[in-house]
Amino acid sequence: MQIGVGLVGVGGIGRHLGWQLRPLSEARLVGVYDADSALAQRAATELETNVYPSLSAMLNDPAVEAVILATPPHTHYRLGLRILQRGKHLFCEKPMALTVEHCDALIQAAQQAKRILMVGHVLRLFPLFWQSKQWLQEGVVGEPVAVHVQRRGYDIRLFGEGWRADPAKSGGFLVEMNVHELDYLRWLLGDYEVVAAQGVQPLLKPRYVQHWQALLRFHTGAIGVIEASIMDTLGGYFVRIVGTEGTLEHTGFSGTIRYKRVDGEEKSLTPEEIGTPEPFMWELRSFVRAIAYGETPLYDGYDGRMAVANALAVQQLIEQNLVAQSRSRKRRSKASTRLNSSGNL
Ligand SMILES: NC(=O)c1ccc[n+]([C@@H]2O[C@H](COP(=O)([O-])OP(=O)(O)OC[C@H]3O[C@@H](n4cnc5c(N)ncnc54)[C@H](O)[C@@H]3O)[C@@H](O)[C@H]2O)c1
């Protein structure tokens, strides 16, 4: 069975998704649409498919059974709702939406229309991330008790331009990018509460927090630390999970994953040795197979919703801390002005 798929948004990730869909025997790319018509035409030529002049034209085409939505975050709710309400299955890029209410409305629309809703939490499928979950399930570290994730890079230019620079469109890098890590942690160890969070915004652009940290407490009792930065020039990715019987660590998109058990057993693997499929192709295959054969998708709308909810919980605590810090700075500066003017130095 071949599912007819339309692709909306053919920027950076949209084109990549188009390329990854093409080899799948379960899917056929029926056409693309982008608000930038020249870009849409170029992508259609490259991907050897049709171009639609509007989203309505795509949604009116009965050959389109499912839509991949790869537009900026602030458009996901409005466009996603239209797609689902027209009875099409939806693969929505992350972040699912910019508010929890909008995520819930998308989930409800999918349920009402009885359509598949998948949100692109592809980080889980990169080899070292995937392997970490397999090893945890095999119990190589026993019961996980503490986890630490760091994602750091110097991405000021990327986040200082276009829709990513505008918090009303992207949600800030914490919502736009780190929903990946917040989803990964929930997938690894289950639900958690955000206990504390703080962030800094020392640079003029982009106009949101540029480096942040949060403390998490999982419902299992495990504890977690997550830290992310778009201003760390050395960069790096790091995940470490300490368990009752050993410790596991990996280095993100490249490098190695390894563990050492209390009984002395050690193992290390590279992405090549793990040998999982190309992550974006893998998630799209899961999407179309869920439609065609009723398989359970690798992740769904609820996962997307929880990632957004957790990112917003972190953001709220960061903002509260920033307000409190700014008030106490003002109080300190007023106190020192009073001291200076009374000549008491
Ligand atoms: N899963 C991942 O690893 C991953 C990686 C990168 C981006 N993303 C996500 O994918 C989405 C797109 O990111 P990108 O980097 O490809 O952005 P981009 O700016 O490169 O591309 C977005 C495209 O959407 C089009 N567009 C904007 N508004 C539209 C509308 N109303 N209707 C139709 N087209 C519209 C733009 O013209 C542009 O071509 C974002 O949500 C981003 O967070 C996910």
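A: Happy to! One term to begin with: the domain bounds used here come from an automatic or database domain assignment. Also keep in mind that this is a predicted model.

Q: Good to know. Which domains does the assignment give for the protein chain?

A: The assignment gives domain 1 as residues 3-121, and domain 2 as 123-278 + 299-321.

Q: And how many residues of each domain are in contact?

A: On the domain 1 side there are 20 residues, in contact with 24 residues of domain 2. Helix H4 (73-85), helix H5 (100-113) and strand S6 (117-119) are the elements that each give two or more residues to the domain 1 side. H5 gives the most, with 6 residues.

Q: What classes of residue are on that side of domain 1?

A: There are 15 nonpolar, 3 polar and 2 charged residues on the side of domain 1 that touches domain 2. As for the domain centres, their C-alpha positions put them 26 Å apart.

Q: Let's zoom out. How many helices and strands does the protein chain have?

A: You'll find 13 helices and 14 strands in the chain. Its radius of gyration is 22 Å, close to the 20 Å that the globule rule gives for 345 residues, so the chain is as compact as a globular protein of that length. Buried residues account for 44% of the 345 residues.

Q: Now the sheet of 8 strands. What order do the strands come in?

A: The order is S8-S9-S10-S7-S11-S12-S13-S14, in an open sheet with mixed pairing. Strand S8 (192-200) and strand S14 (266-269) are at the edges with a single partner strand each, so one side of each has no neighbour in the sheet. From one strand to the next, the twist averages 15°.

Q: How do S12 and S13 run, parallel or antiparallel?

A: Antiparallel: 5 bridges join strand S12 (residues 246-250) to strand S13 (residues 257-261). Gly246, for example, stands opposite Arg261 in S13.

Q: What does helix H10 lie across?

A: Helix H10 (residues 179-189) lies across strand S7 (144-154), S8, strand S9 (211-218) and strand S10 (223-229), and runs at about 160° to S7.

Q: One last topic: which residues of helix H1 are buried?

A: In H1 (residues 12-21), the buried ones are Gly14, Arg15, Leu17, Gly18, Gln20 and Leu21. Their cover includes strand S1 (3-8), strand S2 (27-33), helix H2 (37-46), strand S4 (66-69) and helix H12 (279-293).

Methods
Residues are numbered from 1 along each chain as its sequence is written. This is a predicted model: local features need pLDDT of at least 70, side-chain atom pairs count only at pLDDT 80 or more; totals for chains, interfaces and linings use all residues. A residue is buried if 20 or more other C-beta atoms lie within 10 Å of its own, exposed if 12 or fewer, and partly exposed in between; C-beta atoms are placed from the backbone. Helices (H or I, at least four residues) and strands (E, at least two) are DSSP runs, numbered from the N terminus. Two residues are in contact if their C-beta atoms, placed from the backbone, lie within 7 Å. Ala, Val, Leu, Ile, Met, Phe, Trp, Tyr, Cys and Pro count as nonpolar, Asp, Glu, Lys and Arg as charged, and the others, Gly among them, as polar. The radius of gyration is taken over C-alpha atoms; the globule rule is 2.2 Å times the number of residues to the power 0.38. Two strands pair if DSSP finds at least two bridges between them. Axes are lines fitted to C-alpha atoms, for helices over the stretch in contact, and angles run from 0 to 180 degrees between N-to-C directions.
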